[in-house]
Amino acid sequence: MPYLTPREQGQGDAWTADAAAQGRRGSQRITHAGEVPAPAEVARPLGIRDGEPVVVRRRLILLDDEPNELTDTYYPIAIARGTPLAGTAKIRGGAVTLLAELGHVGALVREDVTAGLPDEDEQEALRLTGTDPVLRLTRLTLNRDDQPIQVDRMVMPAQRQQLRYEIRIG
């Protein structure tokens with residue numbers, strides 16, 4: 001699970017490496033970073049009240065320079081305030097690596113996936129029509145003490161995606 005584990009020293013982010021392994025070019029643009037009021041669908045899993053401040057990093061994920069995904073990652077203020085997570089600069093090794101360096105390592109992930117139609121902003125950013133379906137994935141990452149360390153909200157054009165889950169039992 002390269003997107004969920006810290007990268008080794010000198011490794012780039014997981015998305016760039018994953019795309020390169022397929023002979024493609026993966027990149028991302030940070031469109032916003034900083035403190036915002038937590039929307040209800042983020043506040044609940046983080047265990048805070050609606051509207052409490054959180055840090056968000058909003059990204060447009062590109063594959064071969066084409067929009068592939070919108071991802072908003074939300075962090076509790078106690079974890080992200082004053083760190084590079086609250087800024088727009090690229091983070092060496094990615095945010096998961098920085099979180100680990102800050103002492104916040106994910107141990108459990110919960111994902112919910114739904115399908116629907118894009119809103120106007122999503123249509124524009126992902127170059128879709130109003131009838132192109134999208135997948136919406138919400139990922140909650142908890143540490144070993146079952147404390148939330150981040151919530152990701154992703155929107156992906158359904159026809160351009162394949163979701164794979166590998167689950168080890170026992």
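Read along the sequence, this chain runs α-β-α-β-β-α-α-β-α-β-β. That gives five helices and six strands. Keep in mind that this is a predicted model.

Some overall values next. The chain has 170 residues, and 39% of them are buried. Of the contacts between residues at least 6 apart in sequence, 56% join residues at least 24 apart. The chain exposes about 10000 Å², with carbon and sulfur atoms supplying 48% of that area.

Now the salt bridges. The count comes to eight, and I will go through some of them.

One of them pairs D72 with R58, at 3.2 Å from N to O. D72 lies in strand 3, residues 66-76, and R58 in strand 2, residues 53-63, so this pair ties together parts that are 14 residues apart in sequence. R58 is partly exposed, at 26% relative accessibility.

Another joins R139 and E111, with N and O 2.6 Å apart. Here R139 sits in strand 5, residues 134-142, and E111 in strand 4, a separation of 28 residues. Is R139 buried or exposed? R139 is buried, because its relative accessible area is 14% and the cut-off for buried is under 20%. E111, at 26%, counts as partly exposed.

There is also E52 with R49, where the closest N and O atoms are 3.7 Å apart. R49 is exposed at 61% relative accessibility, while E52 is partly exposed at 25%.

Last, the surface. V113, L163, Y165, I167 and I169 make a nonpolar patch of about 550 Å². Of these residues, V113 is found in strand 4, residues 108-116, and V113 is partly exposed, with a relative accessible area of 36%.

Definitions and conventions. Residues numbered from 1 in each chain as written. Predicted model: local features only at pLDDT ≥ 70, side-chain atom pairs only at ≥ 80, totals over all residues. Heavy atoms only, no water. Helix = DSSP H or I, 4+ residues; strand = E, 2+ residues; numbered from the N terminus. Buried < 20%, exposed > 50% of the residue type's maximum accessible area, 1.4 Å probe, protein only. Contact = heavy atoms within 4.5 Å. Areas by Shrake-Rupley, 256 points an atom, 1.4 Å probe, with all protein chains shown as cover. Patch = residues over 30% accessible without salt bridge, like charges linked within 9 Å, V, L, I, M, F, W, Y side chains within 5 Å. Salt bridge = Lys/Arg side-chain N within 4 Å of Asp/Glu carboxyl O.
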